[in-house]
Amino acid sequence: DELGLEPGTDKYHLVGVGCASAVPLFRLAARCLRDHPGRKALVVAAESVSGFLTPVSPGDGKAKVVGSALFGDGCAAALLGGPGEDAGGPEILATAVHQVAGTLGHVRFGVTGEDSHMRIARELPALTEEGAPPLVERFLHEHGLTQADVDHWLVHPGGPGIIEAVQRGLGLADEQVAPSFRVLSEFGNVGTPASLFVLAETVEERRPARGDTGLMITIGPGVTVGLMLLAWP
């Protein structure tokens with residue numbers, strides 16, 4: 001009603017996935033567009049982490065202090081066109097979402113009657129460094145590609161430890177993950193919007209050429225890894 005949309009407009013809310021939801025959001029939007037030729041899809045990513053974080057006090061644990069310092073509020077949006085339509089940006093070639101077994105408690109909200117904060121397991125960077133490379137290799141192989149074929153790496157800026165873990169695991173150079181570090185430095189980890197910020201930063205700074213390939217990697221609660229293969233037509 002507020003936006004004046006047609007009554008038959010599809011609307012979907014994706015919640016509870018945190019930083020990993022960028023890939024599922026694009027995946028859902030792309031599928032919707034296949035059913036509605038000639039239409040557009042708007043992906044809106046919004047996080048309000050400050051809404052549940054209680055203030056840090058002397059004596060609070062390191063997990064709460066780091067979480068409160070790292071996470072912030074943010075919002076970003078992306079407009080998608082249908083298959084074969086020149087939308088002025090990269091084409092989504094493929095997506096995948098992988099749940100790492102036995103990691104449901106590694107990234108979660110710690111909530112009691114008097115306190116709420118983000119709990120992040122110290123093992124998360126190690127899990128990322130060890131687990132992401134085989135997922136990436138298999139995903140690219142399924143589409144006839146290798147790491148050498150990827151021109152732009154869009155790594156979720158979940159924190160310095162996450163970016164560095166992906167960098168070490170995949171053997172990426174500092175320059176290849178520079179957009180992620182710039183977004184982290186300017187905005188912090190604002191959840192799902194951060195991945196869209198990295199995409200915007202890559203487009204603006206790297207000016208991808210026709211035929212370039214990009215790979216978005218998101219890391220979120222679960223632990224969930226999202227992969228999205230992009231191509232600039």
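Here is a chat about pairs, pockets and a cavity in a predicted model.

Q: Hi! What kind of model is this, and how are its residues numbered?
A: It is a predicted model, where local features need pLDDT of at least 70 and side-chain atom pairs count only at pLDDT 80 or more, while totals for chains, interfaces and linings use all residues. Residues are numbered from 1 along each chain as its sequence is written, and side-chain values use heavy atoms, with hydrogens and water left out.

Q: Thanks! How many aromatic pairs does the structure hold?
A: One. Rings of Phe, Tyr and Trp (its six-membered ring) pair if their centres lie within 6.5 Å; planes under 30 degrees apart count as stacked, over 60 as edge-to-face and the rest as tilted.

Q: And why is the pair of Phe187 and Phe197 called tilted?
A: Their ring planes are at 45°, so the pair counts as tilted, with the centres 4.7 Å apart.

Q: Where do Phe187 and Phe197 lie?
A: Phe187 is in helix α5 (residues 178–187) and Phe197 in helix α6 (residues 192–206), so the pair ties together parts 10 residues apart in sequence. Helices (H or I, at least four residues) and strands (E, at least two) are DSSP runs, numbered from the N terminus.

Q: Is Phe197 buried or exposed?
A: Phe197 is buried, at a relative accessible area of 19%. Phe187 is partly exposed, at 40%. Buried means under 20% relative accessible area, exposed over 50%, and partly exposed in between (1.4 Å probe, protein chains only).

Q: Okay, new topic: how many salt bridges are there?
A: The structure holds four. A salt bridge here is a side-chain nitrogen of Lys or Arg within 4 Å of a carboxyl oxygen of Asp or Glu.

Q: Which residue does Arg182 pair with in a salt bridge?
A: Arg182 pairs with Glu201, and the closest N and O atoms are 2.7 Å apart. Glu201 is buried at 15% relative accessibility, whereas Arg182 is partly exposed at 34%.

Q: What about Glu175, who is its partner?
A: Glu175 forms a salt bridge with Arg206, with 3.1 Å between the closest N and O atoms. Glu175 sits in the loop between α4 (160–170) and α5, and Arg206 in helix α6, 31 residues apart. Glu175 is exposed at 51%, and Arg206 is partly exposed at 24%.

Q: And which residue does Glu6 bridge to?
A: To Arg39, with the closest N and O atoms 3.8 Å apart. Glu6 is in the segment before α1 (22–35) and Arg39 in the loop between α1 and β1 (41–47), so the pair ties together parts 33 residues apart in sequence.

Q: What lines the largest pocket?
A: It is lined by 48 residues, and Lys11, Tyr12, His13, Leu42 and Val44 lie nearest its centre. Strand β1 gives the largest share, seven residues. By class, the lining has 28 nonpolar, 11 polar and nine charged residues. Ala, Val, Leu, Ile, Met, Phe, Trp, Tyr, Cys and Pro count as nonpolar, Asp, Glu, Lys and Arg as charged, and the others, Gly among them, as polar.

Q: Which element gives the most to the lining of the second largest pocket?
A: That is α1, with six residues. The second largest pocket holds about 950 Å³ of space.

Q: Last one: how many cavities of 30 Å³ or more are there?
A: The count comes to one, and about 70 Å³ of space lies in the largest cavity. Helix α3 (residues 124–142) gives the most to its lining, with six residues. The lining has eight nonpolar, two polar and no charged residues.

How values were computed:
On a 1 Å grid over the protein atoms alone, a cavity is a set of points where a 1.4 Å probe fits but cannot get out, and a pocket is an open set with protein on both sides within 12 Å along at least five of seven lines; lining residues have an atom within 4 Å of a point. Grid points are joined across faces, edges and corners, and a volume is the space filled by probe spheres set on the points.
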